[in-house]
Amino acid sequence: MSTVLARREGAIGRLTVHRPEALNALDLCMIRAMLTALDEWESDPVVTAVVLDGAGERAFCAGGDIGVVHSSAVSDPSVALTLWREEYRLDARLARYPKPVVALMDGITMGGGIGIGAHVGVRVVTERSVLAMPEVAIGLAPDVGGALLLARAPGELGTHLALTAGRAGPADAVHCGLADHHLPSAELPALVDDLAAGAPVRPAVAARAVDPGPAPLAGARCWIDDAYGGATTVEEVLYRLEAIDEPGPREAAAALTAAAPTALKVTLRAIRRARGMTSIEECLRQDFRLCSRFLGHPDLAEGIRAAILDKDRSPRWRPSTLAEVDDAGVEAFFAPLADELDLLEQSTLWSDHR
């Protein structure tokens with residue numbers, strides 16, 4: 001069975017990532033199939049909107065195919081680089097699509113799932129949604145334009161989520177700007193029917209939306225802003241967290257201590273740089289530089305091994321401490337590549353389009 005179901009239902013083009021046994025993780029064939037469908041529907045006058053969802057009840061999309069990335073890191077970097085080039089092209093295409101795109105981020109939505117779902121015009125979460133950019137836990141930095149989204153979250157909430165690989169439920173996702181509306185999962189079929197019948201997209205979604213309740217991260221904003229605000233180094237953040245004798249800061253400090261030191265420092269720099277960006281293309285070019293460099297770094301293969309393959313949760317990071325990661329080494333991750341990611345820069349600001 002196809003791993004992407006692309007079909008026209010009334011007035012909508014419907015794209016379903018259909019790999020439930022792998023939590024709908026994206027591979028190259030899936031990415032290319034989605035790009036092909038989007039190209040066809042753009043010129044189809046019958047299609048007035050696109051609905052993007054995932055098969056099954058567990059996940060919208062748990063990310064990219066991590067097995068491919070691991071094998072590429074240990075043998076042939078060109079495989080992962082091709083995957084990322086096409087994936088980032090898809091992310092930018094969805095973000096700039098001229099027709100409304102509705103992403104139903106029902107269930108686990110991480111990494112590449114954020115890339116295809118959280119940049120589009122109308123972003124829906126449900127009571128089952130869990131959103132995250134957990135890359136620092138596997139020796140990588142957030143990609144797929146995630147740094148741009150996290151940099152624009154209120155205060156330092158995005159920095160906190162990036163450095164701790166933290167998870168956001170539906171209320172936190174809406175509060176942090178990763179989603180627009182919260183709908184009960186039971187309402188999604190009826191919403192799709194409304195849109196297929198030609199209902200105006202934004203009013204149709206808003207009519208079925210419900211309050212997700214209080215956002216836990218909003219309640220933690222005070223200590224999060226105190227710990228991360230103005231910090232230029234991960235060491236400074238960790239020092240501040242360890243000085244706050246409360247459960248939340250202690251858990252955050254433990255998460256930073258467990259993550260890859262190089263990935264943490266590159267991620268903090270990436271989030272700070274993203275605050276000055278005005279387009280998703282600019283962020284994706286930065287992401288491609290970072291991921292290209294991480295492919296040649298020992299932490300990526302080791303992080304995937306420990307977290308996904310062997311699942312021993314005991315990665316051996318190299319270097320193993322923050323102090324051993326120098327500024328010059330971090331800055332080298334951001335240097336231009338000989339073969340840069342080529343995305344057409346759009347004149348419309350990403351924030352205006354969203």
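Where is the place of Ala165 in this chain? Ala165 sits in the loop between α6 and β9, and I'll come back to that residue in a minute.

Okay, ground rules. What you're looking at is a predicted model, where local features need pLDDT of at least 70 and side-chain atom pairs count only at pLDDT 80 or more, while totals for chains, interfaces and linings use all residues. Residues are numbered from 1 along each chain as its sequence is written, and side-chain values use heavy atoms, with hydrogens and water left out.

Let's start with the sheets. Two strands pair, by the way, if DSSP finds at least two bridges between them.

Look at the β1 end. β1 and β2 (residues 12–17) run antiparallel with six bridges, and Leu5 has Thr16 in β2 as its bridge partner. The two strands make a hairpin with two residues between them, and Gly10 in that turn has a positive phi of about 60 degrees.

Further along the sheet, β5 (residues 101–105) and β7 (residues 122–125) pair in the parallel sense over four bridges. Met105 stands opposite Val125 in β7.

β8 (residues 130–132) and β9 run antiparallel, joined by two bridges, with Ala132 opposite Arg167.

Back to Ala165, then. Its phi is near 55 degrees, which is positive in a residue other than glycine. Most residues other than glycine have a negative phi, and most peptide bonds are trans. On the peptide bond side, have a look at Arg318 to Pro319: that bond is cis, with omega near 0 degrees. Pro319 is in the loop between α16 (298–309) and α17 (327–332).

On to helices. How do α6 and α13 pack? Helix α6 (residues 157–164) and helix α13 (residues 247–258) pack at an angle of about 50 degrees, with axes 8 Å apart. Axes here are lines fitted to C-alpha atoms, for helices over the stretch in contact, and angles run from 0 to 180 degrees between N-to-C directions. So α6 and α13 are oblique to each other; under 35 degrees counts as roughly parallel, over 145 as roughly antiparallel, 65 to 115 as roughly perpendicular, and the rest as oblique. His160, Leu163 and Thr164 in α6 meet Ala252, Ala255 and Leu256 in α13, where contact means heavy atoms within 4.5 Å.

Last stop, helix α3 (residues 77–95), where you'll find Arg93. Leaving aside neighbours within four places in sequence, Arg93 is in contact with Leu35, Leu38, Asp39, Glu42 and Pro98. The side chains of Arg93 and Asp39 are joined by a polar contact of 2.8 Å. That term means a pair of N or O atoms within 3.5 Å; within protein, one must be able to donate a hydrogen and the other to accept it, and residues adjacent in sequence count only if both atoms are side-chain atoms.

And that's the tour, from Ala165 in its loop between α6 and β9 to Arg93 in α3. Thanks, everyone!
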